[in-house]
Amino acid sequence: MLGNIFLTLSYTNGGIFMETGCIFCSIAQEKTATELLYKNHNLVVFKDIKPHAPVHLLIVPKQHIRSINDLTADDLPLVSELIVAAKNMAIEVGVKETGYKLLFNVERGGGQMVFHLHLHLIGGWIR
Ligand code: 5GP
Ligand code: ZN
């Protein structure tokens, strides 16, 4: 049966590695209706579509990297940038003082569902 063949193509956009058929590549390229809360040359931030907490943002590199497992030493500045962007967004959405979690799910066993690297910023609970 040839029913479920899905073609994935890799390409570069402004020097940034992307993949067709990847929802986070599409969001990062503003090809969807998803509102970006922040964007710069390297990353975008948007709200999780199924939030697990009052505040649930995703910090997503524009570059298509599958997961933490695929990072190399060259990616160190990017990973630092994701974390600093998360910290800045925590200030922006008012959870800096109350606290928050930063989470990478890694591969299926780690709960990863979207195989494009992303950092979850989760918080806003009243405790
Ligand atoms: P993971 O389980 O891969 O670490 O997290 C993926 C997250 O992406 C999930 O929390 C899921 O709700 C969110 N998500 C999946 N598809 C979309 C989408 O199309 N738009 C937005 N805003 N979030 C999505
Ligand atoms: Zn992608």
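# A tour from strand β5

Start by selecting H56, which is found in strand β5, residues 55-61. The model on screen is a predicted one. Is H56 buried, exposed or partly exposed? H56 has 18 C-beta neighbours inside 10 Å, so it counts as partly exposed; a residue needs 20 or more to be buried.

Now show the contacts of H56. Leaving out residues up to four places away in sequence, H56 touches K47, D48, P51, H120 and I122. H56 and T20 are 36 residues apart along the chain, and their C-alpha atoms are separated by 25 Å.

Next, select the largest nonpolar core, which has 23 residues. Which of its residues touch the most other members? They are V45, L57, I59, A86, M89 and L121. At least two residues of this core come from each of α1 (23-28), β4 (43-47), β5, α2 (76-92) and β7 (119-123).

Apart from residues up to four places away in sequence, A86 touches I59, L102, L119 and L121.

Move on to F17, in strand β2, which covers residues 16-19. F17 has 14 C-beta neighbours inside 10 Å, and therefore counts as partly exposed. Its contacts, again without residues up to four places away in sequence, are S10, T12, Q63 and H64.

Then select ligand 1 and the residues around it. How many residues are around ligand 1? There are 13, and I49, K50, N105, M113 and V114 come nearest. Sorted by class, this shell has 6 nonpolar, 4 polar and 3 charged residues.

Finally, zoom out to the whole protein chain and colour it by secondary structure. The chain has 2 helices and 7 strands, and along the sequence they follow the pattern β-β-α-β-β-β-α-β-β. Its C-alpha atoms fill a box of roughly 50 × 35 × 30 Å, taken along the principal axes. Among contacts with a separation of 6 or more, 53% join residues 24 or more positions apart.

Notes:
Residues are numbered from 1 along each chain as its sequence is written. Chains are lettered from A and ligands numbered from 1 in the order in which they are written. This is a predicted model: local features need pLDDT of at least 70, side-chain atom pairs count only at pLDDT 80 or more; totals for chains, interfaces and linings use all residues. A residue is near a molecule or strand if its C-beta atom, placed from the backbone, lies within 6 Å of it. Ala, Val, Leu, Ile, Met, Phe, Trp, Tyr, Cys and Pro count as nonpolar, Asp, Glu, Lys and Arg as charged, and the others, Gly among them, as polar. Helices (H or I, at least four residues) and strands (E, at least two) are DSSP runs, numbered from the N terminus. A residue is buried if 20 or more other C-beta atoms lie within 10 Å of its own, exposed if 12 or fewer, and partly exposed in between; C-beta atoms are placed from the backbone. Two residues are in contact if their C-beta atoms, placed from the backbone, lie within 7 Å. A nonpolar core is a set of buried Ala, Val, Leu, Ile, Met, Phe, Trp, Tyr and Cys residues joined through C-beta atoms within 7 Å.
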